[in-house]
Amino acid sequence: MGKTGLQLSVLSFGSWVTFHKQINDALSDELMGLAYDNGINFFDNAEAYANGESEKMMGRVLKAKSWDRTSYAVSSKVFFGWRGKENKPNQTGLSRKHITEACHEALQRLQTDYLDLYFCHRPDKATPIEEVVWTMNILLQQGKILYWGTSEWSAAEIMEAHRVAADLRLIPPAVEQPQYNLFERTKMEKDYADIFRTVGMGTTIWSPLASGLLTGKYNNGIPEDSRFALEGFDWLKDRWIANEKLGRVKKLTDCAGELGASASALAIAWTIRNPNVTTAILGATKKEQLTQNLEALQVLPKLTPEAMEKIDAIMGTKPKLPEF
Ligand SMILES: NC(=O)c1ccc[n+]([C@@H]2O[C@H](COP(=O)([O-])OP(=O)(O)OC[C@H]3O[C@@H](n4cnc5c(N)ncnc54)[C@H](OP(=O)(O)O)[C@@H]3O)[C@@H](O)[C@H]2O)c1
């Protein structure tokens with residue numbers, strides 16, 4: 001992962017929206033088992049997912065599985081709190097108080113002694129960066145977390161954390177968790193380019209399928225049992241379901257067919273072809289989905305420079321880089 005010695009599988013598995021809201025213990029047990037048996041060694045979570053219930057579910061599954069704790073990595077993220085609208089001041093954000101308390105709560109919910117990765121889920125304008133870097137270092141020294149990172153921070157914010165860590169001789173963030181998919185490329189391919197080239201950084205990218213849009217499942221309407229049909233997720237549906245986006249996904253689905261691949265496997269393979277991606281976090285509500293998505297590894301060698309150019313032309317989302 002980036003400049004660290006940690007080895008993460010190139011595909012990983014996360015629980016946002018799905019655990020507790022859409023799937024129960026039995027199905028999450030099956031999906032995590034399928035993931036682990038296929039070599040996935042990283043499971044992603046956050047305090048906010050299903051108001052803490054997602055971590056509890058993953059904790060119960062991990063306990064029941066009894067896998068060797070050294071054989072996998074598990075994460076949590078702090079910022080949003082877990083009480084939703086009931087959050088009081090100090091129950092969100094990146095103050096020393098909330099980061100420390102959120103870490104303890106995540107350890108309890110996940111039933112583990114330490115988190116392999118601990119992310120600041122968003123930047124916090126109200127907390128000095130020194131406080132965040134110090135707090136993460138204390139948790140590292142206490143052995144409660146092994147690596148710390150950021151999620152959806154700007155390049156400037158990440159570099160500021162590095163500057164502070166270097167000044168204070170503390171450990172800088174090692175990893176960022178940004179959205180990355182065929183629609184959202186700018187952060188990974190443009191904004192962070194200097195960070196990858198200089199201090200280095202691992203990435204655990206999220207929504208490789210743009211919440212399912214890139215599977216092609218929405219090409220002819222919204223299936224009843226899908227994420228965009230869920231109550232309370234209109235904001236997500238409205239973000240993604242637009243005719244001009246669907247038109248591109250339809251062409252992408254044809255392109256995948258020509259390569260003998262599903263649109264899902266193609267879209268996921270496309271993310272991990274970027275050498276700056278450490279791991280793409282998959283989400284799934286059904287075994288068949290995960291099985292199909294794992295085929296991304298077989299599709300990867302089919303992504304020749306010609307195929308990549310064709311995909312770029314269909315999507316029209318490649319960021320323009322400055323010319324020197
Ligand atoms: N750091 C952050 O801010 C942040 C934000 C979001 C996510 N994440 C992390 O990233 C992980 C993955 O994100 P994501 O769930 O949005 O990933 P995604 O791959 O973009 O979407 C996954 C969803 O798409 C549908 N799907 C997946 N494979 C499919 C297939 N083969 N055929 C048909 N439908 C399929 C399923 O939803 P339905 O069956 O319900 O349609 C599934 O739950 C999360 O679990 C979380 O750990 C982090």
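# Close-up views of a predicted model

View 1. Buried here means under 20% relative accessible area, exposed means over 50%, and partly exposed is in between (1.4 Å probe, protein chains only). Strands (E, at least two residues) and helices (H or I, at least four) are DSSP runs numbered from the N terminus. In a regular strand the side chains alternate between the two faces of the sheet. S6 and S7 run parallel and are joined by two bridges, with Glu-176 opposite Thr-203 in S7. Two bridges also join S7 to S8, again in parallel, and there Thr-204 has Thr-279 of S8 as its bridge partner. Strands count as paired if DSSP finds at least two bridges between them.

A word on the model itself: this is a predicted model, in which local features need pLDDT of at least 70 and side-chain atom pairs count only at pLDDT 80 or more, whereas totals for chains, interfaces and linings use all residues. Residues are numbered from 1 along each chain as its sequence is written, and side-chain values use heavy atoms, with hydrogens and water left out.

**View 2. Strand S1, covered on both faces.** Take a look at strand S1 (residues 11-14): Leu-11 and Phe-13 on one side, and Ser-12 and Gly-14 on the other, are all buried. S1 runs parallel to strand S8 (residues 279-282), joined by three bridges, and Leu-11 stands opposite Ala-280 in S8. S1 is also joined to strand S2 (residues 42-44), in parallel, by two bridges, where Phe-13 stands opposite Phe-43. The chain gets from S1 to S2 by way of helix H1 (residues 25-37), in a right-handed β-α-β crossover. Right-handed means that, with the strands pointing away from the viewer, the path from the first strand over the helix to the second runs clockwise.

View 3. Strand S4 (residues 115-120) is largely enclosed by the rest of the structure, because six of its six residues are buried. Strand S3 (residues 73-78) runs parallel to S4 and is joined to it by four bridges; here the bridge partner of Ser-76 is Tyr-118 in S4.

**View 4. Two loop residues with positive phi.** Gln-111 sits in the loop between H3 and S4. Its phi is positive, about 55°, although Gln-111 is not a glycine. Gln-111 has a relative accessible area of 42%, so it is partly exposed. Phi of Glu-152 is near 60°, a positive value in a residue other than glycine.

**View 5. Ala-174 and its contacts.** Ala-174 belongs to the loop between H5 and strand S6 (175-176), and it counts as buried because its relative accessibility is 15%. Apart from neighbours within four places in sequence, Ala-174 is in contact with Met-1, Thr-4, Trp-148, Met-201 and Gly-202. Contact means heavy atoms within 4.5 Å. Ala-174 and Ala-161 are 13 residues apart in sequence and 11 Å apart in space, C-alpha to C-alpha.

**View 6. Arg-248 in helix H9.** Arg-248 is part of helix H9 (residues 243-258). With 18% relative accessibility, Arg-248 counts as buried. Setting aside neighbours within four places in sequence, the residues in contact with Arg-248 are Phe-183, Ile-314, Met-315 and Thr-317.

**View 7. A nonpolar surface patch.** Trp-134, Ile-138 and Leu-168 make a nonpolar surface patch of about 240 Å². Patches are made of residues with over 30% relative accessible area and no salt bridge; like charges are joined within 9 Å, and nonpolar side chains (Val, Leu, Ile, Met, Phe, Trp, Tyr) within 5 Å. A salt bridge is a side-chain nitrogen of Lys or Arg within 4 Å of a carboxyl oxygen of Asp or Glu. Accessible areas come from the Shrake-Rupley method with a 1.4 Å probe, and for residues only the protein chains shown count as cover. Leu-168 is found in helix H5 (residues 155-168), and at 34% relative accessibility Leu-168 counts as partly exposed.
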